[in-house]
Amino acid sequence: MPYDGLGRDEIGTIRMRFLGLIAALIFCAPALSAEQWIYKVQPGDNLWNFSKQNLSSMRFMPRLQQLNQVADPTRLQPGSRLKVPMNWLRVKPVPVVAKSVNGAVTATNLLGDAIEMAAGTKLLIGSRIRTGDDGNVLLLFADQTELALRANSELALDAMTAYGNSGMVDSRMRLDMGRIGATVTDAKGPGSQFEITTPAAVAAVRGTVERVATDGTSMRAEVTEGEVLVSGSGGTTRVPEGFATRAEQGKPPEPPRPLLPAPDFSAFSGLVERLPPRVSWPAVAGAQNYRIQVARDASFDTLLYEAISPTAALRGLELADGDYVLRVRAIDPDGVEGFDAVQPFTLNARPEPPFARAPAFDSTVRDQFAALTWAEPSNAVGYRVQLATDEAFANVLLTEEITSSTYTPGVPVEFRQYYWRVATKIADGEVGPYGDPQPFKLKPSPPKPEPEPPELAEKEMNFRWSKGEPGQTYHFQFARDAKFEELVSDETLDKPTITIERPSSGDYYLRIATIDTDGYHGPFSTAQKIEVPYDGIMHYLLPAAFLLLSL
């Protein structure tokens with residue numbers, strides 16, 4: 001029993017508090033006595049059944065007949081209007097229903113007893129709800145208003161009453177800490193009220209979409225549809241659609257400020273094929289942070305993820321492949337949150353693509369039969385590889401399904417820029433997304449230089465060879481042996497000529513290579529043997545020796 005351990009006086013005190021609260025709710029609206037609810041008569045209505053369903057006492061029926069000059073109480077003209085004083089209406093407490101509950105959510109009733117929170121749980125007047133770090137709960141009020149209580153928040157339900165069957169509901173609550181988002185049903189009459197009290201100010205809402213947050217000493221209210229009336233110490237501010245206000249304890253609410261615009265997702269395809277998932281958007285001017293939320297559907301009844309990010313990107317989130325909805329809004333330096341951007345997306349990142357190995361990213365290949373190679377994922381039974389001439393793979397040259405982790409095109413391809421990518425195939429036949437495009441350039445090897453016969457002077461030797469393309473350099477080697485281990489000269493040159501000191505007489509070897517503009521070192525020319533004659537022998541014989549002794 002909930003009263004176990006309580007004394008008679010304590011029980012009596014609790015009962016008196018409860019009865020006092022009910023009485024206050026029933027008679028809390030004297031200001032409404034002069035107000036009237038206007039009801040549109042429906043087919044089948046008469047004054048008897050209307051009074052029974054909506055009036056607090058049938059003794060008001062004759063007065064209602066007189067007020068509206070109804071000749072026959074058993075017949076009412078459909079489409080006509082009935083004026084009903086608000087203080088004649090039957091007032092009844094109505095529960096709030098937990099539409100969805102996720103993460104750490106706890107609740108207590110008016111007496112402080114714990115309430116087991118689950119979808120469908122009914123919460124009565126005096127209930128208090130608390131959410132933890134990962135907790136969020138969606139509450140459904142009697143007039144179909146929905147309120148989402150976010151993580152690390154505390155909300156108390158102070159009043160929840162309905163006026164007969166009029167559709168007018170008076171809902172009042174206290175947000176002591178945290179954040180809420182509410183979609184409030186349009187007011188059905190003067191008795192419709194939705195009021196949120198925070199330690200700093202009160203937000204009165206009628207037919208709007210709003211967010212209210214408090215840290216215990218200040219509050220902010222953000223309106224995306226309709227308007228909100230925010231009252232604080234010494235003043236009241238009307239916040240129209242697209243604006244927000246802030247309030248601190250002991251101060252009036254600030255003048256309304258415009259909400260930051262919604263982030264732009266127009267360039268996002270809606271498909272995510274990488275792990276961990278990453279989605280980015282252009283930075284919003286004036287934003288210091290972004291609130292990022294992920295849910296299964298656009299209702300956002302259940303949040304799978306929520307975070308504050310200083311960068312305009314979602315990253316590091318662990319999700320299974322499937323369809324999701326992303327909601328992002330910019331946050332200004334004062335913590336005021338702007339309009340929502342809602343973007344559906346599909347995560348299709350498994351099986352993950354293999355890591356590319358060769359050709360290396362943005363490298364140059366000097367072979368018309370370049371082999372494409374990649375790593376071997378443990379779950380792979382095959383691969384799908386593509387080669388294209390553009391990064392978007394609009395012009396695909398080939399698509400092949402193979403079982404090995406190496407692929408070489410079967411026919412020569414022309415020298416130009418290429419892109420390749422590969423996807424993993426697993427045992428059930430599913431093929432995952434392609435990896436990132438890997439660019440490489442296929443270029444011919446620079447031609448081997450063709451040396452001219454050297455010129456031998458008394459103290460030097462001059463060498464010349466065929467000129468390459470602009471920007472190319474040359475690697476010149478002159479050695480005493482055919483293996484070029486005993487080098488006499490080893491130079492890198494930017495011109496196709498060199499002059500060296502005349503060596504002593506004997507046999508020497510010469511070779512030259514071209515170095516391309518990207519640093520690629522081409523093959524050396526065929527080694528050529530040169531005989532340097534003894535001093536006194538006419539050196540005009542040297543060119544003939546060069547030709548006769550070439551290897």
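## Ground rules

Because the model is predicted, local features need pLDDT of at least 70 and side-chain atom pairs count only at pLDDT 80 or more, while totals for chains, interfaces and linings use all residues. Residues are numbered from 1 along each chain as its sequence is written, and side-chain values use heavy atoms, with hydrogens and water left out.

## Overall form

Let's start with the whole protein. Its secondary structure comes to four helices and 42 strands; these are DSSP runs numbered from the N terminus, with helices being H or I of at least four residues and strands being E of at least two. The radius of gyration is 42 Å, well over the 24 Å that the globule rule gives for 551 residues, so the protein is more spread out than a compact globule. That radius is taken over C-alpha atoms, and the globule rule is 2.2 Å times the number of residues to the power 0.38. Along the principal axes, the C-alpha atoms fill a box of roughly 145 × 55 × 55 Å.

Of the 551 residues, 45% are buried (buried means under 20% relative accessible area, exposed over 50%, partly exposed in between, with a 1.4 Å probe and protein chains only). The protein exposes about 27,800 Å², and carbon and sulfur atoms supply 51% of that area; accessible areas come from the Shrake-Rupley method with a 1.4 Å probe, and for residues only the protein chains shown count as cover.

## Contacts and charges

Take the contacts (heavy atoms within 4.5 Å) between residues at least 6 apart in sequence: 57% of them join residues at least 24 apart.

As for charge, the protein has 54 positive and 68 negative charges, and their mean positions are 10 Å apart. Lys and Arg count as positive and Asp and Glu as negative, with His and the chain ends not counted. Each charge is placed at NZ of Lys, CZ of Arg, CG of Asp or CD of Glu.

## The nonpolar cores

A nonpolar core is a set of buried Ala, Val, Leu, Ile, Met, Phe, Trp, Tyr and Cys residues joined through side-chain atoms within 4.5 Å. The largest one here has 39 residues, and Leu-139, Leu-147, Phe-194 and Met-219 have the most contacts inside it. Strand β12 (residues 169-183) gives the most to this core, with five residues. Apart from this core lies another, of 22 residues, including Leu-260, Ile-292, Ala-330 and Ala-341.

Beyond its neighbours within four places in sequence, Met-219 is in contact with residues including Thr-198, Ala-200, Val-212, Val-230, Thr-245 and Arg-246.

## Buried residues in strands

Gln-343 sits in strand β27 (residues 341-347). This glutamine is buried, with a relative accessible area of 15%. Setting aside neighbours within four places in sequence, Gln-343 is in contact with Phe-265, Phe-268, Gly-270, Tyr-324, Val-325 and Leu-326.

Phe-476 belongs to strand β38 (residues 473-479) and is buried at 0% relative accessibility. Leaving out neighbours within four places in sequence, its contacts include Phe-463, Trp-465, Leu-493, Ile-500 and Arg-511. Phe-476 and Phe-243 are 233 residues apart in sequence, and their C-alpha atoms are 75 Å apart.

## Loops with particular backbones

Two cis peptide bonds can be found in loops. One joins Leu-275 and Pro-276, with omega about -10 degrees; Pro-276 is in the loop between β21 (271-272) and β22 (278-280). Another joins Ala-358 and Pro-359, with omega about 0 degrees, and Pro-359 is in the loop between β28 (356-358) and β29 (363-365).

Phe-300 is not a glycine, yet it has a positive phi of about 55 degrees. It lies in the loop between β23 (289-295) and β24 (303-309) and is buried, with a relative accessible area of 3%. Phe-393 also has a positive phi, near 60 degrees. Its loop runs between β31 (382-388) and β32 (396-402), and Phe-393 counts as buried at 7% relative accessibility.

## An exposed proline

Pro-310 is in the loop between β24 and β25 (313-315) and counts as exposed at 61% relative accessibility. Not counting residues up to four places away in sequence, Pro-310 touches Gln-288, Asn-289 and Tyr-290. Pro-310 and Ser-100 are 210 residues apart in sequence and 30 Å apart in space, C-alpha to C-alpha.
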